[in-house]
Each structure stands twice: as C-alpha cells, then as structure tokens.
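This report goes through selected parts of one protein structure. Please keep the sequence and the 3D view at hand while reading.

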Amino acid sequence: MKPFAEAFDSAWTWKRPRLWHRRFELHAGEHVLAVLESRSLLGSAMAGESAGGHWRLRHEGLLRGRVHVSNTAETEDAAVFRPRWFGAGDVSTRRGQVLRWHRADFWGRRWELVDSGGLTRLAFERSPAMLSPDARVEVAEASRRDPELEPLVLLGFYLLLLMARQSHAAL
C-alpha cells in the first residue's frame with residue numbers, strides 16, 4: 001500500500017470493489033492507500049489496513065455509544081468518537097486533538113472534521129447512489145503532516161458506513 005504522505009497529488013476516493021461485499025478501499029488514482037472490511041455480517045466492528053499498520057474500528061454501547069479506533073500493535077485508542085445528535089459528535093485523539101464531526105450540507109452528503117479554530121481538517125462527500133457507499137475525501141493542507149491522519153480518514157468513512165447502515169435499518 002502506498003503511504004498517505006506520498007499520495008496527495010491524486011484525488012482520494014473510498015470505493016467498494018465488489019457489490020455486496022463489505023470491503024472498501026481508499027484509492028488515490030490507481031494506488032490503494034487503505035482497506036476497511038468487515039469480517040462479520042451482523043457486527044459493526046471492522047478491520048483496517050494502511051501503510052501505517054493494522055487498525056480496528058468498533059462501535060461500543062447502545063444508542064449513542066462510542067466508536068473506537070485503535071492500531072492493533074498498540075493498547076491505547078488512536079481516536080474515540082462520542083456522538084451527539086443527528087450523526088454529529090466529537091473526536092478525541094491520543095495526542096489530545098479534539099475535532100468536531102458535523103454535517104456540512106443540508107442533505108448530509110458532505111461531512112467534515114473541524115478543529116477547535118473552525119478549520120476543516122478532513123471532508124468526506126458521499127456518492128448520491130444508494131447501493132454505492134463511495135465517498136470522496138479531501139485533506140486540508142494543515143492535516144497532510146498530521147501523524148493521526150490515517151486513523152481519522154478510516155474513522156470518517158467508518159462513521160459514514162454506520163450512518164448508512166442505521167438509515168437503511170430504519171426503513
């Protein structure tokens with residue numbers, strides 16, 4: 001896999017390579033930067049892989065539980081998402097960053113991670129297709145050197161997948 005730091009010259013897109021599979025790949029042009037996949041049909045835990053290591057993403061608790069992202073080689077969480085209302089919430093990282101996850105447009109296709117100064121660090125724009133949970137990722141210049149970029153990119157897409165799963169279950 002290509003490291004994130006070497007892929008800013010291409011657009012980043014999360015894609016599902018095969019329909020009905022719960023495996024997603026982050027592409028930058030022809031290169032794969034990360035993989036996120038579920039090995040269980042019923043659970044919400046997912047395994048991720050990037051040049052920075054192997055990751056575990058899991059939702060814990062009922063209703064407004066928390067989402068934890070951890071590197072499998074370490075014991076401490078790299079990031080924790082604490083939800084608020086309507087999908088928004090706060091992300092705390094191991095280094096002490098606190099970012100706000102919020103909807104950036106009326107329809108909820110665009111979601112952003114914003115720092116305490118109001119600057120967008122990461123943006124995710126979902127594809128409008130129902131069966132295609134593709135999403136384009138925009139990385140702000142200030143986030144390109146952030147050592148916590150990988151878990152945040154994985155977390156952002158994981159949150160989009162959780163929201164899509166919950167909205168389909170409500171129908």
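Methionine 1 is found in the segment before strand 1; strands (E, at least two residues) and helices (H or I, at least four) are DSSP runs, numbered from the N terminus. The model is a predicted one: local features need pLDDT of at least 70, side-chain atom pairs count only at pLDDT 80 or more, and totals for chains, interfaces and linings use all residues. Residues are numbered from 1 along each chain as its sequence is written, and side-chain values use heavy atoms, with hydrogens and water left out.

Methionine 1 has a relative accessibility of 45% and counts as partly exposed. Buried means under 20% relative accessible area, exposed over 50%, and partly exposed in between (1.4 Å probe, protein chains only). Leaving out residues up to four places away in sequence, methionine 1 touches Val32, Leu33, Ala34, Val35, Glu49, Ser50 and Ala51, where contact means heavy atoms within 4.5 Å. Its C-alpha atom is 24 Å from that of threonine 75, which is 74 residues away along the chain.

## Lysine 2

Lysine 2 also lies in the segment before strand 1. The residue is buried but has no salt bridge, and the nearest side chain of opposite charge, aspartate 9, is 4.8 Å away. A salt bridge requires a side-chain nitrogen of Lys or Arg within 4 Å of a carboxyl oxygen of Asp or Glu. For charge, Lys and Arg count as positive and Asp and Glu as negative, while His and the chain ends are not counted.

The lysine 2 side chain does reach the backbone oxygen of glutamate 6, at 3.3 Å. Beyond its neighbours within four places in sequence, lysine 2 is in contact with Ala7, His31, Val32, Leu33 and Ala51.

Strand 10 (residues 110–114) and strand 11 run antiparallel and are joined by five bridges; two strands pair if DSSP finds at least two bridges between them. Tryptophan 111 stands opposite phenylalanine 124 in strand 11. The two strands form a hairpin with five residues between them, and glycine 118 in the turn has a positive phi of about 85 degrees.

Strand 11 (residues 120–126) is in turn joined to strand 12 by five bridges, again antiparallel. Leucine 122 has valine 139 as its bridge partner in strand 12, and glutamate 125 has arginine 136. Strand 12 (residues 135–139) has a covered face made of Ala135, Val137 and Val139, and an uncovered one made of Arg136 and Glu138.

Strand 1 (residues 12–15) runs antiparallel to strand 12, with three bridges between them. Tryptophan 14 stands opposite alanine 135 in strand 12. Its contacts, not counting residues up to four places away in sequence, include Phe24, Leu26, Leu36, Phe124, Val137, Val153 and Phe157.

The largest nonpolar core has 40 residues, and those with the most contacts inside it are Trp12, Trp14, Leu26, Leu36, Trp101 and Leu122. Helix 1 (residues 149–170) gives the most to this core, with twelve residues. A nonpolar core is a set of buried Ala, Val, Leu, Ile, Met, Phe, Trp, Tyr and Cys residues joined through side-chain atoms within 4.5 Å.

## Phenylalanine 86

Phenylalanine 86 lies in the loop between strand 7 (77–83) and strand 8 (89–93). The residue is exposed, with a relative accessible area of 76%. Its phi is near 55 degrees, a positive value in a residue other than glycine.

Conventions
Polar contact = N/O pair within 3.5 Å; in protein donor to acceptor, adjacent residues only side chain to side chain.
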